Amino acid sequence: MNSEQTNEAKECATLSAAGKIHFGEVVGRLMNAGIERYHADYSRGESTYYTPDGGSCVVPMEHETMSIAQDFSASGVEAAVRQAQRSEIIYPQFTRQLLAS
């Protein structure tokens, strides 16, 4: 992963955590930068971004520390994901709903 891709991943993470961009914009910006996917690890508090050539970078999550729900709710996770996909909620709300599920 080159420095421009790393910077774009970090900027998307910062703007998203601040609630300044929606999920669709994050996906579009990452795709335009040549980043094919990312993995958000809420237990570790970091996201890993991947490029098609096998490159990656780890970016610390920039949101408040929250506990992960003891009981998993698939419907709660699905609802949060669907709302984010429809731009009904932004990352701070998504994170709260997801971790409560």
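Me: Before we start, what should I keep in mind about the model and the numbering?
Reply: This is a predicted model, where local features need pLDDT of at least 70 and side-chain atom pairs count only at pLDDT 80 or more, while totals for chains, interfaces and linings use all residues. Residues are numbered from 1 along each chain as its sequence is written, and side-chain values use heavy atoms, with hydrogens and water left out.

Me: How do I read the sheet, and what is the order of its strands?
Reply: Strands are DSSP runs of E with at least two residues, helices are runs of H or I with at least four, and both are numbered from the N terminus. Two strands pair if DSSP finds at least two bridges between them. Here three strands form an open sheet in the order β1-β2-β3, with antiparallel pairing. β1 (37-41) and β3 (56-60) are the edge strands, each pairing on one side only. On average, neighbouring strands of this sheet are turned by 20° against each other, direction ignored. For such angles, axes are lines fitted to C-alpha atoms, for helices over the stretch in contact, and the values run from 0 to 180 degrees between N-to-C directions.

Me: What happens in the hairpins?
Reply: Look at the glycines. The hairpin of β1 and β2 has four residues between the strands, and G45 takes a positive phi near 75° there. In the hairpin of β2 and β3, with five residues between the strands, G54 has a positive phi near 95°.

Me: Is β2 largely enclosed or open, and what lies across it?
Reply: Buried means under 20% relative accessible area, exposed over 50%, and partly exposed in between (1.4 Å probe, protein chains only). Four of the five residues of β2 are buried, so this strand is largely enclosed by the rest of the structure. Helix α1 (residues 3-17) lies across β2 and β3, at about 30° to β3.

Me: How is a pocket found, and what lines the largest pocket?
Reply: On a 1 Å grid over the protein atoms alone, a pocket is an open set of points where a 1.4 Å probe fits, with protein on both sides within 12 Å along at least five of seven lines; lining residues have an atom within 4 Å of a point. Grid points are joined across faces, edges and corners, and the volume is the space filled by probe spheres set on the points. The largest pocket holds about 430 Å³. Of its 25 lining residues, F23, Y38, Y42, Y91 and F94 are the closest to its centre. α1 gives the largest share of the lining, four residues.

Me: Where does F23 lie, and what does F23 touch?
Reply: F23 lies in helix α2. At 34% relative accessibility, F23 counts as partly exposed. With contact meaning heavy atoms within 4.5 Å, F23 touches Y38, A84 and Q85, not counting residues up to four places away in sequence.

Me: Is A100 buried or exposed?
Reply: A100, in helix α4 (residues 91-100), counts as exposed at 61% relative accessibility.
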